[in-house]
Amino acid sequence: MLVPDDVQKCTVEVASLVHMMNTNTFTSAAIKLDGMDAEEAADKICDSFMNTQFMCGVPEKISLAVCGDYVVYAYGEAVNVDNFMNCLNSVYVPSKVIDKKY
């Protein structure tokens, strides 16, 4: 599970985008939190992701951004993740960004 239980319990809204053929090609979500610091939640999601064993190969990259009360993350092929995060950065400047490549 990529989003730990304690983060899920503080989640009040979620939106996601998923590549329909292969989630490791591109998946993203925006999670609105209530009752947990978004930067702490981003760190927990990143740690959870790094400890996940994927069945069909590991995604090339994960990026997380803290945007107010929201944590926005994307993972998959680096080019897709970079394009998504560049679009996010063009409309909102995150207070924290975490990038991990494999």
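Where does alanine 42 lie? Alanine 42 is found in helix H2, which spans residues 38–50; helices (H or I, at least four residues) and strands (E, at least two) are DSSP runs numbered from the N terminus. The model shown here is predicted, so local features need pLDDT of at least 70 and side-chain atom pairs count only at pLDDT 80 or more, while totals for chains, interfaces and linings use all residues. Residues are numbered from 1 along each chain as its sequence is written, and side-chain values use heavy atoms, with hydrogens and water left out.

Alanine 42 is buried, with a relative accessible area of 1% (buried means under 20%, exposed over 50%, partly exposed in between, using a 1.4 Å probe and protein chains only). Beyond its neighbours within four places in sequence, alanine 42 is in contact (heavy atoms within 4.5 Å) with Leu64, Val66, Val71 and Ile98. Asparagine 86 is 44 residues from alanine 42 in sequence, and their C-alpha atoms are 18 Å apart.

A welcome landmark is the largest nonpolar core, which has 22 residues. Such a core is a set of buried Ala, Val, Leu, Ile, Met, Phe, Trp, Tyr and Cys residues joined through side-chain atoms within 4.5 Å. Among the members touching the most others are Leu64, Val71 and Tyr75. Two or more residues each come from strand E2 (26–33), H2, strand E3 (61–67) and strand E4 (70–76), and H2 gives the most, with six. A second, separate core of eight residues includes Ala65, Cys67, Val72 and Leu88.

Tyrosine 102, in the segment after strand E5 (96–101), is partly exposed at 46% relative accessibility.
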